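Let's take a walk through this one together, from the overall fold down to a few individual side chains. Have a look at the model first.

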Amino acid sequence: MRARRPPGRHRRAETARVTYREVIAVKEFRALWFGQGLSLLGDQLAQVALAVLVYDRTGSALATAAVYALTYLPSIVGGPLLAGLADRFARRGVMLTCDMLRAALVAVMAVPGMPFWALCALVFLVVLLSAPFSAARAALLPEVLGGDAYVMGSALQNMTNQAVQMIGFAAGGAVIAGIGPYRALAIDAATFLASALILVSGVRRRPATAHDGAKPSMWTMTKAGAQLVFGSRKLRTLVLFAWLCGFYILPEGLAAPYASTFAGEAMPTAVITGLLMAAMPTGTVIGAFLFSRFVTPERRLRLMGWMAMLSCAPLIVAAVRPPLVVVLAAWVLSGIGGAYQLAANAAFVQAVPAERRGQAFGLVQSGLMAVQGVGILVGGFAAERFGPEPVVALAGVGGVTCAAVLALAWTDSRRRTARVHAEATA
């Protein structure tokens, strides 16, 4: 059963461009937005705390990296299965349950003296629960915001996420130095509780979108979701647009070795590493604001292929080993190009039935985690042999090539859709 859309602002948003002020005025969106930002800030603090805690405990860089790798593995392995919970049960209920369980698990992690194996198991479970939570939130947002308001809301969430990541990583070290890693984990647990409280007070209850009667198994839902997403040429193209980020995210994983190539600079290598890691998120914030605020919905779809190519093309400049300022500018420009994801996301939402969105978003999110993790892993292995500059340049070349192919496929898909629509209305 699909929830009835509230009247007024939402109805207008389906047919007209809206402003950020109008989107923020929607109470349910504010709740989703604030809750997400709060828990994400706690997560950034927890990531730094875990890195410090594990390294202090083991003295092993490998163990520290292994714990970090656990933040990718659960979403890749369990995401496609658990994301279906967002379609099987009421989405607000799924989010609340995940928040409460994660708060309890992180609180256990905050107990001093927790064995290393227990920390790893708890990290795995916490990240595993993020799959149904993210799928439920992504599927719920189109019910809260319709039309171009959805794009504006997605842009605002994207900009917030990038800003929170920059602030969290930058300030995390200083905060942990002052309060210690265990208190930082306790703060993360509190952010999940706060997020649950915000959801209870700000998001209204909606029934599950799944049809009445016998509910299919999780495996059946996963299989049906994969057939839906990859059985449609249009959806398949949009998913591949989303997964293109594996190319332009790769440089962030090589920021530290790349920074070491500027050893002659006046700034310390650690500072250069921070600047490189902040460059793409900065560009993403700029691009998301400009693309959502000043470009019409129809034009976003036409520009999507070009923006996708822009997200990768600036990376090719690394082949000539330019100075630091040029590299930073190129990475910022790459982040600006990544704003095409807003158009791809909106088109994907419109093409997926409301009762199947949770599973579809879960599959896409799992693929995103996989391409990022594999891309960074392969890039790091190649950089060991050839250095970071040629690897980043090759990622740019590969990304531009794939983006060009996808742009042609997307143009053809839009022409086919327009032709079918014209024949249907003739």
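Of the protein's 426 residues, 50% count as buried, where buried means under 20% relative accessible area, exposed over 50%, and partly exposed in between (1.4 Å probe, protein chains only). This is a predicted model, so local features need pLDDT of at least 70 and side-chain atom pairs count only at pLDDT 80 or more, while totals for chains, interfaces and linings use all residues. Residues are numbered from 1 along each chain as its sequence is written, and side-chain values use heavy atoms, with hydrogens and water left out.

The protein has 22 helices and zero strands; both are DSSP runs numbered from the N terminus, helices being H or I with at least four residues and strands E with at least two. Among contacts with a separation of 6 or more, 86% are between residues 24 or more positions apart, a contact being heavy atoms within 4.5 Å.

Now for some packing. Helix α20 (residues 340-351) and helix α21 (residues 357-386) have axes that come within 10 Å and cross at roughly 145°. The axes here are lines fitted to C-alpha atoms, for helices over the stretch in contact, with angles running from 0 to 180 degrees between N-to-C directions. On the α20 side you'll find N345, F348 and V349, which meet R357, A360, F361 and V364 of α21. Sorted by class, that contact has five nonpolar, one polar and one charged residues. (Ala, Val, Leu, Ile, Met, Phe, Trp, Tyr, Cys and Pro count as nonpolar, Asp, Glu, Lys and Arg as charged, and the others, Gly among them, as polar.)

What about the aromatics? Searching the whole structure turns up nine aromatic pairs. Rings of Phe, Tyr and Trp (its six-membered ring) pair if their centres lie within 6.5 Å, and planes under 30 degrees apart count as stacked, over 60 as edge-to-face and the rest as tilted. F230 and W243 make a tilted pair, because their ring centres are 6.0 Å apart and their planes sit at 50°. F230 belongs to helix α12 (residues 218-231) and W243 to helix α13 (residues 233-243), so the pair ties together parts 13 residues apart in sequence. F230 is partly exposed, at a relative accessible area of 34%.

The rings of F289 and F294 are edge-to-face instead, since their planes are at 80°, with centres 5.9 Å apart. F289 is partly exposed at 33% relative accessible area, whereas F294 is exposed at 55%. Together with Y20, F289 and F294 form one aromatic cluster. F294 also has R293 lying over its face, at 5.7 Å from the ring centre. Elsewhere, the charged end of R102 sits over the ring of F133, 4.5 Å from its centre. To qualify, NZ of Lys or CZ of Arg must be within 6 Å of the ring centre and within 35 degrees of the ring normal.

Q36, in helix α3 (residues 27-58), is buried at 8% relative accessible area. Leaving out residues up to four places away in sequence, Q36 touches R137, Q157 and N161. A259, in helix α16 (residues 255-260), is buried with a relative accessible area of 0%. Neighbours within four places aside, A259 contacts T269, I272, T273 and L276.
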